[in-house]
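Dear colleague,

Please find below the structure that I am handing over to you, followed by an account of what was found in it.

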Amino acid sequence: MLKFALKLAAAVTLLAGVSLSAPAMAQDGQKTFYLLSHGGPSDAFWLDWNAGATKACDQLKVTCKISFSGGDMAAQKEAFNSALAAKPDGIATTSAQPGLWTEEVKAAKAAGIPIVFFNTDDPATGRQAYVGADLKEAGVIWAKYLVDHKMVKQGDKVFLPVEVPGASYQQLETEGIASVFDPLGIKYDVVDCGTDPAGIIAKMTDYMVANNPPAIIALGDSVAASVKRVFDGAGVPAGKIPVVGWGNSKETAEAVKSGFVNAAAWQFPSAQGFMPVALLGLAASGEPIGYDIHTFSLYDASSVEPILKLYDTK
């Protein structure tokens, strides 16, 4: 299943080649979609996501207007309201903060504008579909991996670095982790490492040196991609401290292969960008889209090669 999905993601990535930094003007009769991300355009995951999204827009011959807010919720909210005012044929958005889009989704539905969420979900809004991982389940899987492999025990405090504390992904992932760790008496420490690459490495290194954690669960892709450099900076050899978390970057995949990360989660970023556009296309054509598409798979050193090969094709 992983190999098949990887081939799909690879195909989407290889075919992607349209830049939407300056979207073309919509032709007569051409549908227009807005895709609004809370992420940053230079983040490894969002680069791949953008490749898939732009390919879908080109393939479906629709005009797409993509924006990244870089973790600025106010900026994303402004982008959403601008999209509503433009009365497009569909809107896809992330939900990086619970309840952020309650009123906006209500307004979109009243205006007959299809709404799809991707990457981070908030089903309470009444959105029509979701493409991405079940983030609470991701937390459960990571915590169970450490427990099942006897890498953590009662009384341990696991290091949980994250880029944006309080964001939906952190809350949901930590909720899943807590459901496994709390009954076993295993503690965890969510640490704000920010979004600046150099700052992430510095903050993670400082924590490692000061606390010598027994294990790490990287709650975001940027912190996961920094693990090897952090270990090198702190003088920690590969394999000494078990690490699990996200793996949607070449750096993390290489860290898995070299033993710095034990297991990482793949969200099929290119496909995660492609599918919201496809769903909006269906909805704009009158097709019902009341279903979710989950994109998630855990890989380790025994199954990392297809992912590394995918990155080598870019």
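Alanine 265 is buried, with a relative accessible area of 0%; please bear in mind throughout that the model is predicted. Alanine 265 belongs to strand β10, which covers residues 263-266. Leaving aside residues up to four places away in sequence, alanine 265 touches Trp142, Gly245, Trp246, Gly247, Asn248, Phe296, Ser297, Leu298 and Tyr299. Alanine 138 lies 127 residues from alanine 265 in sequence, yet their C-alpha atoms are 7.9 Å apart in space.

Strand β10 also holds alanine 263. Is alanine 263 buried or exposed? Its relative accessible area is 1%, and the cut-off for a buried residue is under 20%, so alanine 263 counts as buried. The contacts of alanine 263, again without residues up to four places away in sequence, are Tyr145, Val243, Val244, Gly245, Leu298, Tyr299 and Asp300.

I turn next to helix α6. This helix runs over residues 168-181, 14 residues in all, and spans 20 Å from its first C-alpha to its last, close to the 20 Å expected at 1.5 Å a residue. Because 10 of its 14 residues are buried, α6 is largely enclosed by the rest of the structure. The buried residues are Ser168, Tyr169, Gln170, Glu173, Thr174, Gly176, Ile177, Ala178, Val180 and Phe181. Which elements cover the buried residues of α6? Among them are helix α5 (135-148) and the strands β6 (157-162), β7 (187-192), β8 (216-218) and β9 (243-246).

Two helix pairs deserve a description. Helix α2 (residues 44-59) packs with helix α11 (residues 269-284) at an angle of about 35°, the axes being 6 Å apart. The crossing of these two helices is right-handed. On the α2 side the contact is made by Phe45, Asp48, Trp49, Gly52, Ala53, Lys55, Ala56, Cys57 and Gln59, and on the α11 side by Pro269, Ser270, Gln272, Gly273, Phe274 and Val277. By class, the residues of this contact comprise 8 nonpolar, 5 polar and 2 charged.

The second pair is α3 (residues 73-86) and α4 (residues 102-110), whose axes come within 11 Å and cross at roughly 10°. Since angles under 35 degrees count as roughly parallel, α3 is roughly parallel to α4. Lys77, Phe80, Asn81 and Leu84 of α3 meet Glu104, Ala107 and Ala108 of α4. The residues of this contact divide into 4 nonpolar, 1 polar and 2 charged.

Finally, two lysines call for a note on backbone geometry. Lysine 87 is not a glycine, yet has a positive phi of about 50°. Lysine 87 sits in the loop between α3 and β3 (90-93) and is exposed, with a relative accessible area of 70%. Lysine 150, likewise a residue other than glycine, has a positive phi near 55°. The loop between α5 and β6 contains lysine 150, which counts as exposed at 75% relative accessibility.

With kind regards

Notes. Residues numbered from 1 in each chain as written. Predicted model: local features only at pLDDT ≥ 70, side-chain atom pairs only at ≥ 80, totals over all residues. Heavy atoms only, no water. Axes fitted to C-alpha atoms, helices over the stretch in contact; angles between N-to-C directions. Helix = DSSP H or I, 4+ residues; strand = E, 2+ residues; numbered from the N terminus. Left-handed = near helix turned anticlockwise from the far one by under 90°. Contact = heavy atoms within 4.5 Å. Nonpolar A, V, L, I, M, F, W, Y, C, P; charged D, E, K, R; others polar. Buried < 20%, exposed > 50% of the residue type's maximum accessible area, 1.4 Å probe, protein only. Expected span 1.5 Å × (residues − 1). Parallel < 35°, antiparallel > 145°, perpendicular 65-115°, else oblique.
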